[in-house]
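Here's a quick briefing for anyone opening this one for the first time. Have a look at the sequence and the 3D view, then read on.

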Amino acid sequence: FAPNPFFGVCTLACCKPRIRKYAAVDDIIVGFGPKKYGLAGKVIYWMTVGEIIDFESYWNDPRFVKKRPQMGGSLSLCFGDNIYHRPEGKGHPWIQAESFHSDPASAIGAGNLRRDTSTTDRVLIGKEYAYWGGQAKLVPPRFEKVVKRGRGHTFRIDEPNLQSDFSDWLYSLEDRGFCSEPADWSRDRKLKKISANGHTD
């Protein structure tokens, strides 16, 4: 869902508001795996930001219609991230499409809506990307300092050239696009979360 690596383009339209707010074109976004799935120290995905648009443009752009969630469709369609628009224009409430971010008791997941929209309405678009999901790539030992541990989006790397060398390594991998399914991905995943927690993440 975030990122959304389907239909030939990787998008970051929900969650990660700080990354979406401050990223620039040509930045490289990298997602590392969680320990609970045995993916710590591995790259789940990377994408080069090629374009940045706002929610309304994303919703209305014919290139991204398939990114609108269709909860009765395929898994790729169920987890669509093109969920926000304001048909009445700026200053009016956001409309949130039924999606992975909806709450079970209402059409709108209010907590998710606030997080996704309150500080930025930017959508990051990457046509150059690789998504490995559950088959995440182990980072070579020489790049151990690049691996982000825990939550948060920033940390400092003081070694000269380490970032550029890491970027070169990513680009040297031949895989591109959607390569493998997420580690935890099923049609009823959302229903299981609702049953266990009373709300969705």
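A residue is called buried under 20% relative accessible area, exposed over 50%, and partly exposed in between, using a 1.4 Å probe and protein chains only. Keep in mind that this is a predicted model, where local features need pLDDT of at least 70 and side-chain atom pairs count only at pLDDT 80 or more, while totals for chains, interfaces and linings use all residues. Residues are numbered from 1 along each chain as its sequence is written, and side-chain values use heavy atoms, with hydrogens and water left out.

- In soluble globular proteins, nonpolar side chains tend to be buried together.
- Leaving aside neighbours within four places in sequence, Val123 is in contact (heavy atoms within 4.5 Å) with residues including Leu12, Ile53, Phe55 and Tyr58.

**Salt bridges**

- The structure holds six salt bridges, each a side-chain nitrogen of Lys or Arg within 4 Å of a carboxyl oxygen of Asp or Glu.
- Arg115 pairs with Asp116, the closest N and O atoms being 4.0 Å apart; Arg115 is partly exposed at 34%, whereas Asp116 is buried at 0%.
- Glu128 and Arg176 form another, with 3.0 Å between the closest N and O atoms.
- Glu128 sits in strand β8 (residues 128-131) and Arg176 in the loop between α5 (162-172) and β10 (177-178), so this pair ties together parts 48 residues apart in sequence.
- Asp175 meets Lys137 at 3.3 Å, N to O.
- Because Asp175 is in the loop between α5 and β10 and Lys137 is in strand β9 (residues 137-138), they link parts 38 residues apart in sequence.

**Cysteines**

- The whole structure has zero disulfides, meaning pairs of cysteine sulfur atoms within 2.5 Å.
- For Cys14, the nearest cysteine sulfur is that of Cys15, 6.2 Å away.
- Cys14 is buried, at 0% relative accessible area, and Cys78 is buried too, at 6%.

How values were computed
Helices (H or I, at least four residues) and strands (E, at least two) are DSSP runs, numbered from the N terminus.
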